[in-house]
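Please walk through the structure below one part at a time. The text takes up the two ligands and then some individual residues.

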Amino acid sequence: MKFINYHMPTKILLDEDVVLKNCALFSTYGDKALIVTGKTSSIKNGSLEDVTNALKKEGISYDIFNDVEENPSLETVEAIAKLGRNQKSNFIIGIGGGSPIDAAKAAGILIKTQTATRYDLFNSPNLKSVPIIAVPTTAGTGTETTPYAILTDNELQTKHGICQKVFPEVALLDVKYLMFLPERITVNTSIDALSHLIEGYLSAKSNIVSDALAEKGLKLFGECLNMIKEKDFTYVVREKLMLASTIAGMVIAQAGTSLPHGMGYALTYFHNVPHGKANGILLKSYLEFCVDGHKVRKILYLLTLENLDELGNFLNDMLGCVDSVTSTDISSYSDEMMSNTYKLKNHPDLVIREDIIKMYKDSLKI
Ligand code: NAP
Ligand code: FE
């Protein structure tokens with residue numbers, strides 16, 4: 001019997017006006033909140049206003065950090081922590097895509113332990129965070145149900161995850177915030193969720209529980225496939241994508257991501273490729289590399305696709321190509337991937353450097 005260890009402590013609420021309907025839960029976490037969000041989208045989609053109204057109703061004072069960039073840097077995390085430490089914030093509400101919510105999780109560690117530095121984020125796994133409440137406004141990363149926070153490290157010139165596990169206490173999901181998401185970001189983020197489902201399903205750490213979730217997530221994604229092709233993003237489609245993304249977060253919380261995520265970080269850091277696109281363009285060659293034919297066929301079946309070429313064509317049409325990468329770049333990114341032992345061990349079989357080079361070259365058509 002295969003060993004199973006399933007842990008997902010986040011309370012998930014999905015509803016219309018979920019923030020306002022559940023404002024009472026904010027007061028369980030203290031009377032001083034710190035809101036962490038991106039530059040403008042949370043103002044435009046109404047999520048910031050809903051949260052501030054809920055906090056006012058509960059008599060909770062708050063500060064706002066609204067300058068989190070895409071692929072948040074350690075410098076940004078430090079700036080958030082400085083604000084939270086000065087204001088003695090009891091808890092953080094992260095509003096936005098994966099970037100603000102991940103930055104909130106990492107800053108939560110530095111606020112809880114006032115003496116902790118950026119280096120502790122990668123070396124002191126036992127540190128805890130102040131409570132995090134996640135209000136996602138993209139359907140892609142699933143960070144609202146994962147313990148991970150991925151940061152840009154400009155010293156190491158890459159992106160990598162903090163070593164602590166920070167599950168949000170609560171995830172508040174409202175599809176209305178997604179209605180303002182531009183087509184390009186909707187597509188890229190949805191393909192991030194697809195990558196999580198595929199990598200998690202094929203992971204060495206997958207188990208019967210994470211597989212059941214992954215299969216449901218893939219089925220939901222399959223039901224949206226034609227609408228994604230047509231860019232027909234109705235409320236119903238966005239709700240399915242939001243569910244698929246949150247479920248995908250639950251999958252990778254157990255099973256982790258593997259090669260496409262590990263290989264995609266270099267494309268994001270050095271070529272500014274959005275996170276979902278970076279994984280997505282590697283997915284077909286990754287699936288060609290995977291030896292578990294039964295699971296690969298099941299993925300295609302759930303996505304309502306006949307074969308890997310059909311998946312490749314869908315991803316090409318949706319994502320376009322990346323043409324700034326050279327053979328020399330691939331050689332250096334492959335070395336970097338081969339040193340990422342965490343991602344390598346999530347792939348169920350032996351991986352050698354030539355495999356990584358081939359996947360990069362096939363995907364980037366070099
Ligand atoms: P993002 O970087 O958070 O946001 C991308 C863009 O979307 C930003 O310009 C943002 O604008 C805008 N945006 C967000 N919500 C919007 C809305 N409802 N309407 C209109 N525009 C909106 O994108 P993301 O793909 O969600 O997050 C990517 C990050 O998550 C990466 O750093 C990735 O590594 C990480 N990630 C984390 C996990 C995890 O488990 N923790 C898993 C996968 C990926 P504003 O800046 O104005 O807000
Ligand atoms: Fe991702």
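Which backbone atom type of F180 lies 3.4 Å from a nitrogen atom of ligand 1? A backbone N or O atom of F180 lies at that distance, and such a pair is a polar contact, defined here as a pair of N or O atoms within 3.5 Å; within protein, one must be able to donate a hydrogen and the other to accept it, and residues adjacent in sequence count only if both atoms are side-chain atoms. The model is predicted, so local features need pLDDT of at least 70 and side-chain atom pairs count only at pLDDT 80 or more, while totals for chains, interfaces and linings use all residues. Residues are numbered from 1 along each chain as its sequence is written, chains are lettered from A and ligands numbered from 1 in the order in which they are written, and side-chain values use heavy atoms, with hydrogens and water left out.

Side chains also reach ligand 1. N45 has a polar side-chain atom 3.0 Å from a nitrogen atom of the ligand. For T143, a polar side-chain atom lies 3.1 Å from a nitrogen atom of ligand 1. On its own, ligand 1 has 940 Å² of accessible area, and the protein covers 90% of that; such areas come from the Shrake-Rupley method with a 1.4 Å probe, and for residues only the protein chains shown count as cover. Two elements give two or more residues to the shell around ligand 1, namely α5 (98–112) and α7. Helices (H or I, at least four residues) and strands (E, at least two) are DSSP runs, numbered from the N terminus.

How many residues surround ligand 1? There are 30, and the closest are S41, G98, S99, T138 and T146. A residue is counted as near if one of its heavy atoms lies within 4 Å of the molecule or strand in question. The shell divides into nine nonpolar, 16 polar and five charged residues. In this division Ala, Val, Leu, Ile, Met, Phe, Trp, Tyr, Cys and Pro count as nonpolar, Asp, Glu, Lys and Arg as charged, and the others, Gly among them, as polar.

Next comes the metal. The iron ion (ligand 2) is coordinated at 2.1 to 2.2 Å by D192 through OD, and by H196, H261 and H275 through NE2. Donors are N, O and S atoms within 2.8 Å of the metal (3.2 Å for Na, K and Ca); water is not among the atoms, so sites may look incomplete. Along the chain, the donors follow the spacing D-x3-H-x64-H-x13-H. Distant parts of the chain are linked by the pair D192, in helix α7 (residues 183–202), and H275, in helix α11 (residues 275–289), which are 83 residues apart. Both D192 and H275 are buried; buried means under 20% relative accessible area, exposed over 50%, and partly exposed in between (1.4 Å probe, protein chains only).

The C-alpha atoms of T189 and L241 are 9.5 Å apart, although 52 residues separate them along the chain. L241 is in helix α9 (residues 235–255) and is buried, with a relative accessible area of 5%. From L241 to E223 the distance is 9.4 Å, C-alpha to C-alpha, and 18 residues in sequence.

K229, in helix α8 (residues 208–230), is partly exposed at 37% relative accessibility. Its C-alpha atom is 8.1 Å from that of D317, 88 residues away along the chain. N316 belongs to helix α13 and is partly exposed, also at 37%.

Two loop residues remain. D17, in the loop between β1 (11–14) and α1 (18–21), has a positive phi of about 55 degrees although it is not a glycine. T304, in the loop between α12 (293–302) and α13 (308–319), is not a glycine either and has a positive phi of about 65 degrees. D17 is partly exposed, with a relative accessible area of 32%, whereas T304 is exposed, at 55%.
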